[in-house]
Amino acid sequence: MLGDITWSGGNLSQARAAMVTYFIKSNVVVENGENVDEAADAWEQRFLDLFACDHEEKSDTCGNSDWGDVVVYPFATRSISDRVGNQITGDLPKLSVAIVIMVIYVICNLGQMCHRVRSRVLLAFGSIVSITLGTAAAFGLCMWCQVKYTSLVQSMLFIILGIGVDDSFVIVNALDWTDPSLPVDQRMSKALSRAGMSIFVTSFTDSIAFALSVASILPALSWFCIYAAVTIIFVFLYQILFFGALVTLDTRRQAANKLDCCPCLSSVCCTAVAHDGEEAHGAEARTMEGRKDPHGLCPTSPHRSGLLGMLLETKVGPCVTMTPVALGLIVVCFAFFGISCWQLAGLEVHDSFSAFIGDDVYVSGTLNKVNEYFGDVGEDVTVFTTGGDYFGSQTALLDIKSRLRELDSMTELTGDDFSSWAESFRDACQAGIVSGVTSFDETTATVTDQYEYYAGLKTWLDDDGREFLGDVKWWTDDPQTGIMAARLSATAVSMLYHDGDEWTTDTNKANEAYDEITSEVKSWSDMPSGRAWAVSGRNFLDWYEFGVIKRELFQSLGLCLLAIFIITLTMIAHPVTSLCVFLSITFTIVDIVGIMRMAGYKIDSVLTVWLVIAVGLAVDYSAHIGHSFMKHDGTRQERLCKVLGEIGTAVMHGGITTFLSVLPLAFSQSYVFFLLFLTCFLTVLLGLFHGVFFLPAMLFFVGPAPYETATNESKLKLSHRVTGY
């Protein structure tokens with residue numbers, strides 16, 4: 001095929017580009033549910049090696065592309081998968097970096113790092129082990145159920161780390177707020193009764209949100225959501241059972257006043273720390289009063305949740321619950337929500353195929369040259385017909401070209417733009433060169449004898465018409481048994497346009513073309529089997545996705561938010577608090593999409609998946625605050641300050657760990673992983689803002705009375721303080 005052609009006097013005088021295509025014999029076999037063709041892959045690899053093509057080299061041509069006066073831009077079927085695969089594989093080591101960062105952060109913040117007894121170094125490692133075991137169990141179950149494992153699923157590992165560590169902080173934080181003088185089993189019972197319910201609300205809501213998106217017609221999103229829904233449940237179970245057991249052992253170690261390094265050994269290096277004449281809880285009490293702890297290696301905060309908890313309770317809480325500040329926060333959040341809704345209404349669908357490939361690699365260089373010189377060629381569309389009465393449908397088969405010509409999305413279908421075995425067979429019959437066909441009717445341009453039709457067609461395909469041999473499939477070697485399936489090809493107009501420095505697809509025009517072509521072809525009831533199908537290559541299938549992906553995004557987000565409201569209403573058990581939590585989460589998601597739109601991002605399949613993840617992550621920051629608010633007694637301001645000082649600390653740590661888990665992806669060259677980082681960054685930033693500032697501001701004005709159990713518990717504590725019993 002020649003490109004950028006110059007004509008002179010009706011003759012071709014010049015062409016600036018030529019595209020040569022080599023067809024390889026198919027030897028596809030199915031292995032583990034995947035189509036594999038080792039012979040073709042090996043041939044393509046040798047072909048690419050001939051031109052010294054390196055997927056990672058920063059150049060838009062291969063190393064051996066300059067052949068004198070000609071520059072060669074090679075491309076193979078495996079080029080795209082190799083490029084994307086190398087990008088993702090190159091980013092997997094960043095998972096190790098994320099784990100190291102997470103472990104360091106958890107070690108520093110899960111306990112008192114500078115305390116010989118109350119540090120929780122081993123427990124921090126146990127948290128990571130618990131999350132890993134839960135993830136492995138979930139992945140194993142999904143794989144056993146034959147759920148497809150894709151590159152998008154790999155990226156989930158970064159997210160699960162953040163979610164799991166958040167649960168660890170909530171459990172440990174709840175334990176730290178129990179009475180240290182109580183037996184360990186009672187402390188754990190109280191901690192899990194408080195934290196377990198809070199974690200269950202968020203985990204169950206996350207899982208249901210992902211499960212609802214399993215019904216998506218986008219396969220990648222569906223498979224991802226299956227893994228996500230199952231993994232979140234398993235991580236929750238492992239955190240409650242396995243990590244809870246580790247917390248129990250660690251609490252017993254602290255009660256025995258043993259060092260954190262090796263609590264199960266009684267050697268010289270791990271001798272129990274002296275009590276200095278007081279009980280362990282006495283030392284705890286002194287620390288809480290701000291006195292020097294003999295076991296501490298550096299100053300410690302008098303607040304049970306550390307410096308962050310003291311800051312949230314004594315500074316942030318009183319500030320947020322000031323009437324002018326709370327009112328201002330609500331006004332600002334509603335105003336920005338309105339701007340985000342405006343941006344959301346103008347959200348457009350984008351063909352992100354070039355973003356997957358990246359710039360300055362030979363694959364993108366080749367594709368850019370193809371678009372530059374052959375971008376106006378159009379897209380091949382194949383019309384399939386299945387078994388039926390092909391003899392009786394001759395007129396309909398010959399009328400396909402005229403029907404397609406009437407469509408705005410098709411070319412004039414002249415020359416190579418249309419290829420039909422039925423028309424070529426008719427022309428051969430008219431020319432009288434088909435052996436055995438004597439009953440051709442010139443008026444209707446059809447063969448009038450059924451036996452001659454099938455026998456003549458088979459003979460013609462094996463001889464003069466062998467270029468169409470692959471377009472007609474017979475039931476058996478006997479042509480009189482009929483045709484099993486047949487195909488013909490046509491060319492749709494090009495959907496590409498030049499947008500700045502790159503070629504891109506007009507997604508609206510492409511989807512309209514898809515709907516027009518498929519609707520027309522499906523209406524052909526006079527085809528051999530009563531209907532026909534129009535399909536084509538990757539581009540044509542993308543045209544379909546362009547039309548449904550926006551609907552899929554809004555449908556998935558809408559279902560997720562609906563599920564969140566129903567579940568939080570059920571679990572929190574108060575409509576006002578549930579509505580406030582729902583508004584906080586909704587504002588977070590809409591603001592994320594609005595900022596994405598302002599930053600120039602458009603809808604594609606990857607962004608759809610990451611926004612569904614954002615819903616799951618955003619739940620944690622608001623649901624914990626709302627649920628904890630209902631379990632504290634006092635005035636609204638007192639309750640909110642207590643909530644921020646207690647559970648707010650765990651929420652902040654959870655947000656920070658989620659951010660740290662994806663931070664290495666900020667340096668990723670992969671469009672998939674970088675967009676994941678950007679989405680998670682915005683989710684953490686906006687989720688924490690709405691959960692720690694906007695939600696308390698709303699609850700300050702409309703927050704309901706606490707649970708009756710919280711009021712009774714508060715009265716009981718007051719009675720104990722008064723009576724001493």
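**Entry 1: α21 and α23**

In which hand does α21 pass α23? I found a right-handed crossing. A reminder to myself: this is a predicted model.

I then looked up the geometry of this pair. Helix α21 covers residues 605-629 and helix α23 covers residues 671-702. Their axes come within 9 Å and cross at roughly 25°. Angles under 35 degrees count as roughly parallel, so α21 runs roughly parallel to α23. I also sorted the residues of the contact by class: 19 are nonpolar, 6 are polar and none are charged.

**Entry 2: α7 and its two partners**

Helix α6 spans residues 156-176, and helix α7 spans residues 184-212. The axes of α6 and α7 come within 8 Å, with a crossing angle of roughly 150°. The cut-off for roughly antiparallel is over 145 degrees, and α6 and α7 are therefore roughly antiparallel to each other. The crossing of α6 past α7 is right-handed.

With α21, α7 packs at an angle of about 155°, and the axes are 9 Å apart. I therefore noted α7 and α21 as roughly antiparallel too. Here as well I wrote down a right-handed crossing, with α7 passing α21.

**Entry 3: helix α1**

Which residues of α1 are buried? I listed Ala-40, Glu-44, Phe-47 and Leu-48. They cover an arc of only 95° around the axis, so they sit on the same side of α1. An α-helix has 3.6 residues a turn, so residues three or four places apart point the same way. On the face turned away from the buried side of α1, I found the exposed residues Glu-38 and Arg-46.

After α1 comes Ala-52, and its phi is positive, near 55°.

Most residues other than glycine have a negative phi. That made me look up two further residues.

Gln-146 has a positive phi, near 65°, and is not a glycine. I placed Gln-146 in the loop between α4 (121-144) and α5 (151-154). Is Gln-146 buried or exposed? With a relative accessible area of 69%, Gln-146 is exposed, because the cut-off for exposed is over 50%.

Leu-413 is not a glycine either, and its phi is positive at about 60°. Leu-413 belongs to the loop between α15 (400-405) and β8 (418-419). Its relative accessible area is 0%, so I marked Leu-413 as buried.

**Entry 4: Asn-371**

Where does Asn-371 lie? I found Asn-371 in helix α13, residues 362-374. Its relative accessible area is 18%, and under 20% counts as buried, so Asn-371 is buried.

How far from Asn-371 is the C-alpha atom of Trp-503? The two residues are 132 residues apart along the chain, and their C-alpha atoms are separated by 6.6 Å.

Technical notes: Residues numbered from 1 in each chain as written. Predicted model: local features only at pLDDT ≥ 70, side-chain atom pairs only at ≥ 80, totals over all residues. Heavy atoms only, no water. Axes fitted to C-alpha atoms, helices over the stretch in contact; angles between N-to-C directions. Helix = DSSP H or I, 4+ residues; strand = E, 2+ residues; numbered from the N terminus. Parallel < 35°, antiparallel > 145°, perpendicular 65-115°, else oblique. Left-handed = near helix turned anticlockwise from the far one by under 90°. Nonpolar A, V, L, I, M, F, W, Y, C, P; charged D, E, K, R; others polar. Buried < 20%, exposed > 50% of the residue type's maximum accessible area, 1.4 Å probe, protein only. Arc of directions from axis to C-beta.
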